[in-house]
Amino acid sequence: MKFFIYHFLPPIIRKTTFIYFFRKLFYKIKYKKVDNRKIYNNWEKINLNRTALINLAISKFQKNIVNSDVNYLEIGCNNNENFNCVSLPVSNKYGVDPISGGNIRKTSDDFFEKNKLSFDVIFIDGLHTYQQCQKDIINSLKSLKLNGYIFVHDLIPTSWEVEHVPRLNGVWAGDVWKVAVELNESKGIEFKIINIDKGVGIIIKKSNEYEYTKLNSNLIHKTYSDFFDNYFKGMPILEHDEIHKII
Ligand SMILES: C[S@@+](CC[C@H](N)C(=O)[O-])C[C@H]1O[C@@H](n2cnc3c(N)ncnc32)[C@H](O)[C@@H]1O
């Protein structure tokens with residue numbers, strides 16, 4: 001059945017599916033035994049997603065919907081599925097992506113290098129690797145107003161293929177879960193993960209004297225198996241009906 005569907009896919013998707021198939025096979029052979037344990041969820045049935053959380057956070061600052069002075073930044077916009085649904089005038093939305101979507105055609109590093117603006121709400125959903133996501137969080141915290149919100153997508157990888165860096169799969173969270181371990185140890189911020197939509201992290205900047213805890217040498221080589229065995233249970237996870245505890 002899968003083979004049959006494959007032939008009806010557009011050529012560009014067929015090409016990437018083909019590449020991912022052989023990359024996955026290579027890693028399966030290389031590591032002999034891959035971790036087949038999965039993290040099960042009911043995200044499809046919850047009907048609450050990242051966009052709803054972002055709009056809820058924006059509503060906390062919003063006094064006037066037409067002449068808004070709330071500034072929103074999105075790192076990684078792709079086809080604007082989220083960016084276009086953020087409930088602010090376009091002049092208050094800054095979408096950074098080197099390839100598609102948003103309104104600033106740059107990488108996040110290039111954007112932050114020259115940025116002088118400060119933001120009330122930031123959504124980080126760019127390159128899904130630990131080191132890039134760590135940089136995006138550190139730079140975002142500097143550009144975030146006091147009591148502002150940062151959202152981070154894809155903090156709960158559900159299988160080894162979804163977590164693997166380099167990318168092997170269409171659905172890809174990468175190893176950004178490692179920043180959640182660091183955020184949990186950091187000072188001057190509040191941090192939770194909402195168990196919806198691939199795991200949406202929420203950071204609130206509670207103090208300008210915050211300290212981001214870097215654990216690179218401990219985390220860099222950790223894999224999905226480490227996440228499953230040692231880290232997942234310790235994550236500060238809230239269910240969808242508990243969001244009032246943080247926003
Ligand atoms: C998962 S998509 C974003 C989806 C979007 N935020 C949404 O919710 O619908 C990831 C995007 O990050 C972009 N990206 C990759 N590397 C980046 C970088 N260094 N800086 C900013 N964006 C990057 C990719 O071009 C891609 O469009």
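Modeller: A residue counts as buried if 20 or more other C-beta atoms lie within 10 Å of its own, as exposed if 12 or fewer do, and as partly exposed in between, with C-beta atoms placed from the backbone. The model is predicted, and local features need pLDDT of at least 70, side-chain atom pairs count only at pLDDT 80 or more, while totals for chains, interfaces and linings use all residues. Residues are numbered from 1 along each chain as its sequence is written.

Biologist: Which residues does Val176 touch?

Modeller: Leaving out residues up to four places away in sequence, Val176 touches His128, Tyr130, Cys133, Val152, Asp154 and Leu155. Touching here is a contact, with the two C-beta atoms, placed from the backbone, within 7 Å.

Biologist: Asp154 is on that list. Where is Asp154, and what is its phi?

Modeller: Asp154 sits in the loop between β4 and α7. Its phi is near 70°, a positive value in a residue other than glycine. Asp154 is buried, because it has 24 C-beta neighbours inside 10 Å.

Biologist: Zooming out, how many helices and strands are in the chain?

Modeller: The chain has 10 helices and seven strands; these are DSSP runs numbered from the N terminus, H or I of at least four residues for helices and E of at least two for strands. The radius of gyration is 19 Å, close to the 18 Å from the globule rule for 247 residues, so the chain is as compact as a globular protein of that length. That radius is taken over C-alpha atoms, and the rule is 2.2 Å times the number of residues to the power 0.38. Buried residues make up 33% of the 247.

Biologist: What order do the strands take in the sheet?

Modeller: The seven strands form an open sheet, β2-β1-β3-β4-β6-β5-β7, with mixed pairing. At the edges are β2 (93–96) and β7 (237–238), each pairing on one side only. Strands pair if DSSP finds at least two bridges between them.

Biologist: Which strands run parallel, then?

Modeller: β1 (residues 72–75) and β3 (residues 119–124) do, joined by four bridges. Ile75 has Ile124 in β3 as its bridge partner.

Biologist: And where do I find antiparallel pairing?

Modeller: β4 (residues 144–152) and β6 (residues 200–205) run antiparallel with four bridges, and Val152 stands opposite Gly201 in β6. β5 (residues 189–194) also pairs with β6 in the antiparallel sense, over six bridges, with Ile189 partnered by Lys205. β5 and β6 form a hairpin with five residues between them, and Asp197 in the turn has a positive phi of about 45°.

Biologist: New topic: which residues are closest to the ligand?

Modeller: Gly76, Asn78, Asn82, Gly126 and Leu127 are the closest of the 19 residues that surround the ligand; a residue is near it if its C-beta atom, placed from the backbone, lies within 6 Å.

Biologist: How many of that shell are nonpolar, polar and charged?

Modeller: The shell has six nonpolar, nine polar and four charged residues. Nonpolar means Ala, Val, Leu, Ile, Met, Phe, Trp, Tyr, Cys and Pro, charged means Asp, Glu, Lys and Arg, and the others, Gly among them, are polar.

Biologist: Last one: which domains is the chain divided into?

Modeller: Domain 1 (1–34) and domain 2 (45–245), with bounds from an automatic or database domain assignment. Their C-alpha centres lie 29 Å apart. Five residues from domain 1 and six from domain 2 make the contact. On the domain 1 side, three of the touching residues are nonpolar, none polar and two charged.
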